[in-house]
Amino acid sequence: MGPIGIPEVATQDELHEVKNGKWLDMLKGVRRKDGSEGLKTIVIMDLALEGRKNLVAGANQLDYHYRNVTPKQDFKPSLTADIRDVKAGEGCPTLQPLSPAVIQKVVYPFRPDGTCTGILVVGKAVEIGHIFKLGKKYTDSMHATVLDRDGKAVTPIMGSYGIGIERILTAAIETSAAKSNGDAYVLPASIAPFQVIVTVTNIKEPALLEAGEMLAQALEREGIEVLLDDRDERAGVKFKDADLIGVPYRIAVGKKLSEGQVELLDRLQNQTQDIPVSDVVNSLKSLLNNAAGR
């Protein structure tokens with residue numbers, strides 16, 4: 001690609017009209033003079049090219065280039081600007097006040113006098129959904145029409161949207177893992193494979209196994225999704241496995257059962273407490289309700 005030989009290049013005056021709202025619906029360019037749907041090309045030249053001569057530029061044909069190109073002589077840019085990466089904390093680039101009519105149509109924070117107060121914020125994000133305005137591109141090509149309120153056939157404007165179920169899951173994993181320095185992750189109870197896991201630390205002790213089974217059954221009767229880990233494994237292995245599937249709450253049935261207590265771990269808040277066996281169901285229901293905002 002290169003700036004030489006482009007048939008219709010937008011001028012600085014035309015871009016000024018865009019800025020002032022006359023072409024607000026055509027922010028990607030300016031309409032061609034013949035009224036066609038094509039857009040004029042906006043050519044932006046970096047300030048670093050001011051005064052340079054005998055440069056090399058693309059010839060808009062595969063594997064071909066122009067030599068000895070001089071800006072503003074061999075091509076005229078739409079505008080000259082300082083092209084660089086933006087930085088967090090920079091102010092709004094709109095230096096001149098805009099008219100009230102334009103302010104109503106653009107998404108910027110403006111004062112009543114039209115001056116911009118926006119500050120750039122840079123951060124990481126995960127796209128979990130999207131919305132596209134497709135216009136009439138596909139309805140025109142399919143000759144699709146609908147009847148309006150007056151019974152007149154009109155071409156509908158299309159849009160599409162989508163929410164990525166897998167993206168929601170992976171975003172939840174990514175954000176929670178980041179909080180724990182990547183050591184593990186925890187899922188909200190609403191999307192976790194189980195809301196709570198009851199871990200019997202030593203199944204060779206009949207009292208622990210019996211208490212674990214009793215607690216799991218009591219929680220299930222309350223409609224709570226429970227996983228009972230009664231495998232013949234070391235407690236550390238069981239705890240790690242529970243972390244790896246993102247279960248948010250864990251009840252460990254261990255030595256403190258002799259005192260009538262078990263350990264309740266809230267992985268969402270990273271808090272552990274010893275509670276009486278008789279309080280397990282109510283304590284867990286309270287945690288689930290608080291997490292759900294109820």
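Me: Which residues does Ala172 touch, not counting residues up to four places away in sequence?
Reply: This is a predicted model. Ala172 sits in helix α4, residues 165-179. Its C-alpha atom is separated by 8.0 Å from that of Val186, 14 residues apart along the chain. Beyond four places in sequence, Ala172 touches Val186, Leu187, Pro188 and Ile191.

Me: Is Ala172 buried or exposed?
Reply: Buried means under 20% relative accessible area. Ala172 has 15% relative accessibility, so Ala172 counts as buried.

Me: Which element gives the most to the nonpolar patch?
Reply: The patch covers about 610 Å² of surface. Val126, Ile128, Ile163, Ile165, Ile168, Leu169 and Ile191 make it. With three residues, the top contributor is α4.

Me: The backbone oxygen of which residue lies 2.5 Å from a polar atom of the Ser78 side chain?
Reply: Ser78 lies in the loop between β3 (65-69) and β4 (79-81). Its relative accessibility is 1%, so Ser78 counts as buried. Its contacts beyond four places in sequence include Val9, Thr11, Gln12 and Thr41. The backbone oxygen at 2.5 Å belongs to Ala10.

Me: Where on helix α6 do its buried residues fall?
Reply: The buried residues of α6 (residues 235-244) are Lys238, Ala242 and Asp243. Seen down the axis, they fall within an arc of 140°, so they line one face of the helix.

Me: Which strands do the buried residues of α6 pack against?
Reply: Lys238, Ala242 and Asp243 are the buried residues here. Their packing partners are β9 (196-200), β10 (226-229) and β11 (249-253).

Me: Which residue takes a positive phi just after α6?
Reply: Helix α6 spans residues 235-244. The positive phi is about 80°, and it belongs to Gly246.

Me: How many residues apart in sequence are the parts that Lys285 and Glu222 tie together?
Reply: Lys285 forms a salt bridge with Glu222, with the closest N and O atoms 3.1 Å apart. Lys285 lies in helix α7 (residues 280-291) and Glu222 in the loop between α5 (206-221) and β10, so the pair ties together parts separated in sequence by 63 residues.

Me: Are Arg267 and Asp243 buried or exposed?
Reply: These two form a salt bridge, the closest N and O atoms being 3.2 Å apart. Arg267 lies in the loop between β12 (261-266) and β13 (271-276) and Asp243 in helix α6, so the pair ties together parts 24 residues apart in sequence. Both residues are buried.

Me: Which strands hold Arg250 and Glu263?
Reply: Arg250 forms a salt bridge with Glu263, with closest N and O atoms 3.7 Å apart. The pair ties together parts 13 residues apart in sequence, because Arg250 lies in β11 and Glu263 in β12.

Me: Which residues are linked with Arg84 in a network of salt bridges?
Reply: The count comes to 10 salt bridges. The network joins Arg84 with Asp82 and Glu90.

Me: What share of the protein chain's residues count as buried?
Reply: The chain has seven helices and 13 strands. Its accessible surface comes to about 20200 Å². Of its 294 residues, the buried share is 30%.

Methods. Residues are numbered from 1 along each chain as its sequence is written. This is a predicted model: local features need pLDDT of at least 70, side-chain atom pairs count only at pLDDT 80 or more; totals for chains, interfaces and linings use all residues. Side-chain values use heavy atoms; hydrogens and water are left out. Helices (H or I, at least four residues) and strands (E, at least two) are DSSP runs, numbered from the N terminus. Buried means under 20% relative accessible area, exposed over 50%, partly exposed in between (1.4 Å probe, protein chains only). A polar contact is a pair of N or O atoms within 3.5 Å; within protein, one must be able to donate a hydrogen and the other to accept it, and residues adjacent in sequence count only if both atoms are side-chain atoms. Contact means heavy atoms within 4.5 Å. Patches are made of residues with over 30% relative accessible area and no salt bridge: like charges are joined within 9 Å, nonpolar side chains (Val, Leu, Ile, Met, Phe, Trp, Tyr) within 5 Å. Accessible areas come from the Shrake-Rupley method with a 1.4 Å probe; for residues, only the protein chains shown count as cover. A salt bridge is a side-chain nitrogen of Lys or Arg within 4 Å of a carboxyl oxygen of Asp or Glu. The arc is that of the directions from the helix axis to the C-beta atoms.
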